[in-house]
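Trainee: Please walk me through this model. I would like to learn how to read its features.

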Amino acid sequence: MQNVINEMNINFFSRSYNEAFARAVVSAFVAQLDPTIDELADIKTAVSEAVTNCIVHGYKNGIGKIYITSKIFSNGKILIKIKDKGCGIDNVEQAMEPLFTTGGSERSGLGFAVMQSFMDKIKVNSKLGKGTTVTLEKFIIRRQVGNE
């Protein structure tokens with residue numbers, strides 16, 4: 001088991017303009033591992049997709065809070081949990097299928113597929129009426145981090 005060397009927690013309302021805020025905060029936190037521009041872009045895109053899902057699907061009938069926890073481990077692993085306390089997902093497996101959406105014709109249904117393509121691992125836990133947590137993992141391996 002690797003040690004957590006840094007952690008941050010934020011929460012904010014599920015308003016569309018906060019998607020850019022979430023992306024910026026997580027990327028600033030991850031920057032301490034000195035990722036490549038491509039790695040940072042991948043993380044920002046995955047965070048954007050997860051936060052957008054909270055806004056569009058989790059809280060589709062109103063405004064709620066989105067919670068993000070990010071951890072950096074000594075082996076260069078980044079763990080990002082994005083959580084809402086919204087409506088939840090009825091069938092996670094179906095929701096993760098490319099092109100499946102409950103968001104109407106203006107949504108592409110590619111959010112989870114995008115997250116999977118840009119991160120090393122993605123996990124989705126959801127309970128109807130309780131909310132959804134998306135866990136994203138990525139390794140930035142060029143720099144092993146010690147106790148600084």
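Mentor: Start with the fold: the protein chain has 4 helices and 5 strands. Helices (H or I, at least four residues) and strands (E, at least two) are DSSP runs, numbered from the N terminus. The order from the N terminus is β-α-α-β-β-α-α-β-β. This is a predicted model: local features need pLDDT of at least 70, side-chain atom pairs count only at pLDDT 80 or more, and totals for chains, interfaces and linings use all residues. Residues are numbered from 1 along each chain as its sequence is written, and side-chain values use heavy atoms, with hydrogens and water left out.

Trainee: What share of the 148 residues counts as buried?

Mentor: Buried means under 20% relative accessible area, exposed over 50%, partly exposed in between (1.4 Å probe, protein chains only). Here the buried share is 43%.

Trainee: How far does helix α2 reach from its first C-alpha to its last?

Mentor: The expected span is 1.5 Å times one less than the number of residues. Helix α2 (residues 37-58) has 22 residues and spans 30 Å, close to the 32 Å expected.

Trainee: Which residues of α2 are buried?

Mentor: An α-helix has 3.6 residues a turn, so residues three or four places apart point the same way. Among the buried residues of α2 are E39, D42, I43, A46, V47 and A50.

Trainee: Where is D34?

Mentor: D34 sits in the loop between α1 (18-30) and α2. Its phi is near 55°, a positive value in a residue other than glycine. D34 is exposed, at 54% relative accessible area.
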